[in-house]
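Here's a quick briefing to read with the model open beside you. It goes from whole chains down to single residues.

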Amino acid sequence: MQTVEKKGFVRQLIHGTDFDADSLSALQKVTLRAVVMSFLFFGLVAIEGMIMRVVQTGPTNSFLPKMFGVPEHYFSIMTVHPIVGIFGSTYQLVFAAFMFLVPYLTKKPLYSVKLANFVWLCITIGTALAWFAGFIWHYAPLYTLYWPLPADVEQFSIIGGFVFVVGVALIMIGTLGFIYNIYATIFARTGIHANKTTKELLISGFGIDGLMNLIHKLLGKKPYSKEPALSLPVVAIFRGTVDTFLDALVILGAGILVLIYLIAFSGGADWNVHAVDSLLYKNFFWWGLDLVADGLVLIYVAGSWYLLATLITGQKLFMENVARAALLLELFVSWMVWSHHLLADQPQPEMMKLVSGEMVTAFELLTQGLALFITLVTLWKARPLKMSPELAYLLGGLVGFGLAVPAGIIQADMGLNRVLHNTQWISFAHFHIALIVGLYMTLYSALYVLWPLVTNNTKLFSKKLTWAHFWLYLIGGVGMGAFAGMAGLDGMLRRHLYVNGEFSGWMILAAIFGSMVLLAWFLFLYNIVMSIGLKGLVGIFMPAKDDVASYGIDEETAAPAKA
Amino acid sequence: MFQTSLELLKFHWMAYTIYALLIVSVIVWFGWNLTRKERVKSVVRIPFYGYIAFLVAGGVGHHIFTYNTIPWVEQDIKRHDITPDKKFEIEVAKHRWTLPAEPMKAKQGQKIAFEVRSSDLTYGFGLFRKDGTLVLQMQVLPKHDNYMLWTFHECGKFDLTSTEYSGPDEYDEAGHDKMLVKDALEIECGPETRVAMNEKEVK
């Protein structure tokens, strides 16, 4: 990464450094389109988060418009905040990275660039619709959608619910499009996979070859597979996408249920909402929703760490077979842990709390701890290394998950859950640190690694801004998570409105550190815009002159991908 | 070991803070050593299977530790086989609690059962100390029996509110919580007082 000589401000803003949008292939353009939308949604979600922090400081805040403290408005922000953050921003960024990486790593063209364009458009429009449902109609059942709240037409307007559900459904349809594109690319028997069977690709995708290699080693036999069909990061993408698929089906299913009731109510029908059992629904919904948190995020992140560690060091991954087998283990773990969300639900069977909620959940410490260990040892064996931004962000990501995973495991306990459930502890010490610090710093590392590939070696505007972003973001993210998490230990609930400044001390500290995250985002955006220029930014959204759907291979030698 | 949730939370705060500082320090130390030109010797060699055993012991041991040190875990699991000293039946609907006609009072050390039923939405049943810290909570699922057994090892007056979001109607226009019931429960001090949580109230 080089720092370039500065031009005049306006010239730099318009033209960037040496970015040429016309030189980009269709694959590069579709990747960058989703990345742009992802970071715009990130800014929106950071502003929403700051609004909520400031509202919670109570009477000490006199500058925020009063409308944000009105319950209907406040909780509509809280409802769309995770939709925009997780789907609009994180999903888009992850999907963009993987739709570029799978062709790059498998040396095959992406199955369909048109489908990739459909994916980012669907998710963008869907997120915008869900946001408008909150902003205009104040539809606010929160992302948890605890039945029968989303169908409570005494509190929420039917049109608001309808727009929200359609928005979320569009996001899920886009997600299914991504899944199809990824699997169609992986299973296409072209290029290096021309002679592989579907069975071989499936065995490799699930990490079974890694497990078999370990067993063969223990039995003193020859390796089951010396050259696995799929590289390890692709295995992680394959594995995580299984959970992404199941999660999309569950969220779509819940959306259809809400939609059916809303349509019935709008037609004047008087349906009994309690015909749907609230506990059964909660189990079903959390099973699916938890596949995001405890399934695909952890698996995608582990795969990203492995890829980044090997790309940064240029060496083979340490204990690759163990890593493959751990991804297989995570398959079973992620499907069986949802009950830790129901430890405070007394009608939930005790055995499910004990086995699924506590014991299997504890295995996440093992799977994530393994990923951390393998990544650290791979880096350690390659030392000395230069402290590049991509390495620093990777270490930041490891810190994030090193903090967030144990914070979650602590709460997934029948004793501690009684006093930590639904408090700001789980919200901030666990999943905000996991997402903001753990996941996003990993993604920033990937972004800096992929930047030369996706932009044809465009020079970054400023290295100083890159480091300013790193430190502000890391300190801000950890600080906000820590102070708001401490408010949780003092009894502050996470889905509650405090207007009297009951926890203002913690909230002011959290807001100060949160504003560092917001500032970091602005610096990052400024650096990127000054690198590609407004002209380049517009150019990304113009049709590509080069319709190549792969990177680093001659497409003519590879037959068209067949699903 | 722990008698009240406050003691537990203090321990938890200290243990997690030490852990957090440790993990951040380890990664910072690690990052610094990655860039050093001279190859540093490992301070300690961690055997792989030792590390795995540590993770498994940490995950499982955490639950064994809490089961043996937090009194309400065992009582909660066996709650249907234990006869309570007192039972309070509470209804909730349309963001309003219907508490027993008589004020809810009990003595320190008594086993108290809370049976909460919702006829419309999912709520949370949470009792709080006067300083805002959480004593106990459970989710209140509509059309289900939500039953919890609790032994108070502290005395004083406790506030009640919903710990689960049930829509903006829980609040008035100014954002005040309409489900907050001040002094919903009073626990009289007994001879075995260990900690007076609500000192101002007790005095």
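What follows is a short tour by topic.

This is a predicted model, and it scores ipTM 0.91 and pTM 0.92. Chain A is built with 16 helices and zero strands, and 59 of its residues meet 62 residues of chain B where the two chains touch.

**Confidence**

- For chain B, the mean pLDDT comes out at 91, with 94% of the residues at 70 or more.
- The stretch to watch in chain B is residues 195–203, where pLDDT is below 50. That stretch still has 23 contacts in the model beyond near neighbours in sequence.

**Chain A as a whole**

- Chain A is as compact as a globular protein of its length, because its radius of gyration of 23 Å is close to the 24 Å that the globule rule gives for 563 residues.
- Along the principal axes, the C-alpha atoms of chain A fill a box of roughly 65 × 60 × 50 Å.
- Burial covers 60% of the 563 residues in chain A.
- Take the contacts in chain A with a separation of 6 or more: 86% of them join residues 24 or more positions apart.

**Where chain A meets chain B**

- Chain A brings 59 residues to the contact and chain B brings 62.
- On the chain A side, at least two residues each come from helix 3 (71–106), helix 9 (278–313), helix 11 (350–381), helix 12 (389–411) and helix 13 (417–420).
- Helix 11 of chain A gives the most to this side, with ten residues.
- By class, the chain A side that touches chain B splits into 35 nonpolar, twelve polar and twelve charged residues.

**Helix 12 against helix 15 in chain A**

- The axes of helix 12 and helix 15 (residues 463–489) of chain A come within 11 Å and cross at roughly 5 degrees. An angle under 35 degrees counts as roughly parallel, so these two helices of chain A are roughly parallel to each other.
- From helix 12 of chain A, the residues in this contact are Pro389(A), Ala392(A), Tyr393(A) and Gly396(A). They meet Thr466(A), Trp467(A), Phe470(A) and Leu474(A) from helix 15 of chain A.
- The contact between helix 12 and helix 15 of chain A has six nonpolar and two polar residues, with no charged ones.

**A closer look at Ala116(A)**

- Ala116(A) sits in helix 4 (residues 113–137) of chain A.
- Ala116(A) counts as buried because it has 27 C-beta neighbours inside 10 Å, and the cut-off for buried is 20 or more.
- Leaving out residues up to four places away in sequence, Ala116(A) touches Val30(A), Met99(A), Leu110(A) and Asn181(A).
- Gly174(A) is 58 residues from Ala116(A) along the chain, yet their C-alpha atoms are separated by 8.9 Å.

**A closer look at Asp76(B)**

- Over in chain B, Asp76(B) belongs to helix 3 (residues 71–77).
- Asp76(B) is buried too, with 22 other C-beta atoms within 10 Å.
- Asp76(B) touches Met414(A) in the other chain and Leu149(B) in its own, not counting residues up to four places away in sequence.
- Between Asp76(B) and Met1(B), 75 residues apart along the chain, the C-alpha separation is 17 Å.

Technical notes:
Residues are numbered from 1 along each chain as its sequence is written. Chains are lettered from A and ligands numbered from 1 in the order in which they are written. This is a predicted model: local features need pLDDT of at least 70, side-chain atom pairs count only at pLDDT 80 or more; totals for chains, interfaces and linings use all residues. Helices (H or I, at least four residues) and strands (E, at least two) are DSSP runs, numbered from the N terminus. A residue is buried if 20 or more other C-beta atoms lie within 10 Å of its own, exposed if 12 or fewer, and partly exposed in between; C-beta atoms are placed from the backbone. Two residues are in contact if their C-beta atoms, placed from the backbone, lie within 7 Å. Ala, Val, Leu, Ile, Met, Phe, Trp, Tyr, Cys and Pro count as nonpolar, Asp, Glu, Lys and Arg as charged, and the others, Gly among them, as polar. The radius of gyration is taken over C-alpha atoms; the globule rule is 2.2 Å times the number of residues to the power 0.38. Axes are lines fitted to C-alpha atoms, for helices over the stretch in contact, and angles run from 0 to 180 degrees between N-to-C directions. Angles under 35 degrees count as roughly parallel, over 145 as roughly antiparallel, 65 to 115 as roughly perpendicular and the rest as oblique. pLDDT is the predictor's confidence in each residue, from 0 to 100.
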